[in-house]
Amino acid sequence: MWLLRVPWLLALLVTAASPGPSAAAPDPASVFADLSPAELRAVRTFLMERPELGLAPSRGGPLAKNSLFLVELLPPPKRVALRFLAHGGPRPRREARAIVFFGAQAEPNITELAVGPLPRPSSYRVLGLKGGRAVPFWARPMTQLEYELLHEALVAAVAPLEPLLREATGFGFQNCSERCLTFSDVAPRGLRPGERRTWLVLQRFVEGYFLHPVGLEVLLDHEDPDPRRWAVRRLWYNGRYFGSARAMAELHARGALPLARLPEPPARHLFSSYEPRGRFFTGTPTEVHGAKVCEPQGRRYRLRGNRLEYGGWSLAFRLRSSAGLQLFDVRFGGERVAYELSVQEAIAFYGGHSPAAMQTKYMDAGWAMGASSYELARGVDCPETATFLDAHHLLDADGPVRFANALCVFELPTGVPLRRHFDSDFQGGFNFYAGLEGRALVLRTTSTVYNYDYIWDFLLYPNGVLEAKVHATGYIHATFYTPQGRRYGSRVHSHLLGNIHTHLVHYKVDLDVAGTGNSFETMDIRFENISNPWSAGARVVQPWLHREPRRREREAVLPLGRAPPRYHLAVTRRHENEPSSSSIYTQNNPWDPPVTFESFIRDNETIEDQDLVAWVTVGFLHVPHSEDIPNTATPGNAVGFFLRPFNFFDEDPSVASRAPVIIRPLDPPTCSRLEIQRWTPPSPGACVHPEPFTYNGTY
């Protein structure tokens, strides 16, 4: 048995870079490896040369064009992959998933293609979404080209407000040099299907500009593929709505518009910066290095391509451009316990007084959060001893882009023993002491989706426990402070409102416990009040376990009775046409999304002795506060879940570790002579990383 543990529930389910083609037999894990730069280029070249597609370069040109937006691995069907992994038969056909924007045709749409075989593609086929639905062109994710056009349209639209902005903020758009304004956009982009109207929040472009709104928000309609037809529909300034920029400018010229005047930003110690300021009360040193992670006898894990091994663990991993980390063929002790474990979606729902705040419902898969995997800093984002891996993405670009040090792998001391016991003799001595140090292997990446930074971790423990965890940090999504806004958050700075929001993160857990034929049951603790069998007239109140099989999908959504779709846990039968619970199109078409998770359970299929998937939702409510300045801190802002073995092994599998310490007295009860048993060297040795800190940051 393998236990899926989340904080509120006990639920039981029963029963380096991608290597390119070479003459040597590759590791079986490579069937799940991300596409290499050569494969990405080959797919793009093949598609660009197909005359019937009529593809144009991604950068430049009009919006109404046919262009290649995304290329990433298309994993093989599960049954094909399992047959290969189990019997070593023919390798599955290696294919790419390509997303094409068809904007230069009578009925613009978005089409997904399967392209292969790799490394030399020669054909493609259309990948149909569940239900055979087409994706409308207006539901497409934003591109760099559209952002450039959006900026141009915004600058032109608010030109009449340049005197107002200069007077109120000291910044502007026209000939601004180092005192420029910028903007952040929110989504969904409208109120109904077919719309593409975006609220833009104007900000002073200083370090940490997310915390520097100027009080002006602009609703720009960019639904038409021709930017010449774009127009401003509404404006909001300091709590008031306006129909046009010219009307606002006229009020300002007459002195009839109260201005929200912002103080001059300081040259140093800007509140949104990381620059140190102030002193700790105790005066303990912070100018020297603190505790570090080290590997005095070398690494205790093995990394071969995308195959990761540690103790009893073995798994394949990849970093999807669309949605982030994905594990495959997860094994412990050589036995598969999960076929897939992956991030699906990260959502943040906001409330506020300004129109941008009340409209913000971020669905980060729609921003290709997997491709926002920027460089990790050695010694900060990951220990100095970590192994760093590059990622290559082909997203809204005319070729693969290298993201250096986008992932890291390291062994982490947990700071608490995995297990320990002091066996007292209750006479001032002891019979024995035994303990096993706490260690876990961490696979980490980040997604910086504009203001927020998500730190994604999978942790492997020696006792067969796997933890999925995400930390939220980065800048809060903040809006301009008005007295009415206090209802929706906290005043975190003089002109800044930290808006209330809820983070929800969705995971896919395709467990294969002792094979693919699994069932699902829950265990609840109940209490009984019974007669004491060994003392007449006495009563005993005690807990007992209530096991309940969940035989159909509708019985396997928890908590029961909760209105859909925010289930903490849902267990469904696995289908190839239900690979993900969300999509990159949902952000801009939440009203009729091409992937609707509720459809996974609507047919209420049987889930007894079937290939099952557990869909896990974790999250937290964030009421921003002044301590979120300059950034939200990770302590208290992390959520996740555990996969734990439950009567799966005969004993704790970490007994195979050679790292315990056992101490026995040779002369009890005096305990003056001790026998110390260790299977590791007596001393760990030096623990210093000699290389200085370096960072590049380009991609």
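The model is predicted.

**Record and catalytic domain**

The UniProt entry, which is unreviewed, annotates a domain called "Copper amine oxidase catalytic". In that annotation it covers residues 292–560 and 566–654. Over the segment 566–654 the chain is 6% helix and 27% strand. The end C-alpha atoms of that segment are 36 Å apart.

**Nonpolar cores**

The largest nonpolar core holds 114 residues. Within this core, Leu161, Leu216, Tyr237, Trp456 and Tyr507 touch the most other members. Domain 2 (144–254) and domain 3 (301–531 + 540–655) both contribute residues, so the core lies between them. There is also a second, separate core of 18 residues. Its members include Leu35, Phe46, Leu55 and Ala98.

Neighbours within four places in sequence are left aside here. Leu216 then contacts Leu161, Leu165, Leu200, Val201 and Leu202, among others. The list also includes Leu235, Trp236, Tyr237 and Met248. Leu161 and Tyr237 are also named with Leu216 among the core residues that touch the most other members.

**Aromatic pairs**

The count of aromatic pairs comes to 24. One of them joins Tyr147 and Tyr450. A pair of aromatic rings is described by the distance of the centres and the angle of the planes. For Tyr147 and Tyr450 the centres are 6.4 Å apart, with 50 degrees between the planes. The pair is tilted.

Tyr147 counts as buried, at 13% relative accessibility. Tyr450 counts as partly exposed, at 43%.

Both tyrosines belong to one aromatic cluster. The cluster is formed by Tyr147, Tyr350, Tyr362, Trp367 and Tyr450.

**Charges over rings**

**Backbone features**

| Item | Backbone value | Location |
|---|---|---|
| Leu118 to Pro119 | cis, omega near 20 degrees | Pro119: loop between E5 (109–116) and E6 (123–127) |
| Ala187 to Pro188 | cis, omega near 5 degrees | Pro188: loop between E8 (181–185) and E9 (197–204) |
| Ala368 | positive phi of about 50 degrees | loop between E18 (361–363) and E19 (387–395) |

**Two loop residues**

Pro296 lies in the loop between helix H5 (245–253) and strand E13 (301–304). Pro296 is partly exposed, with a relative accessible area of 35%. Which residues does Pro296 contact, leaving aside its neighbours within four places in sequence? The contacts are Pro684 and Ala686. Val616 is 320 residues from Pro296 along the chain. The C-alpha atoms of Pro296 and Val616 are separated by 38 Å.

Glu608 is found in the loop between helix H7 (598–602) and strand E34 (612–622). Glu608 is partly exposed, with a relative accessible area of 36%. Glu608 touches Asn518, Ser519 and Arg551, not counting residues up to four places away in sequence. Glu608 and Glu521 are 87 residues apart in sequence. In space, these two glutamates are 9.8 Å apart, C-alpha to C-alpha.

Note on methods: Residues are numbered from 1 along each chain as its sequence is written. This is a predicted model: local features need pLDDT of at least 70, side-chain atom pairs count only at pLDDT 80 or more; totals for chains, interfaces and linings use all residues. Side-chain values use heavy atoms; hydrogens and water are left out. Rings of Phe, Tyr and Trp (its six-membered ring) pair if their centres lie within 6.5 Å; planes under 30 degrees apart count as stacked, over 60 as edge-to-face and the rest as tilted. Buried means under 20% relative accessible area, exposed over 50%, partly exposed in between (1.4 Å probe, protein chains only). UniProt positions are given in the numbering used here, feature names are shortened, and annotations may be inferred rather than shown by experiment. Helices (H or I, at least four residues) and strands (E, at least two) are DSSP runs, numbered from the N terminus. A nonpolar core is a set of buried Ala, Val, Leu, Ile, Met, Phe, Trp, Tyr and Cys residues joined through side-chain atoms within 4.5 Å. Domain bounds come from an automatic or database domain assignment. Contact means heavy atoms within 4.5 Å.
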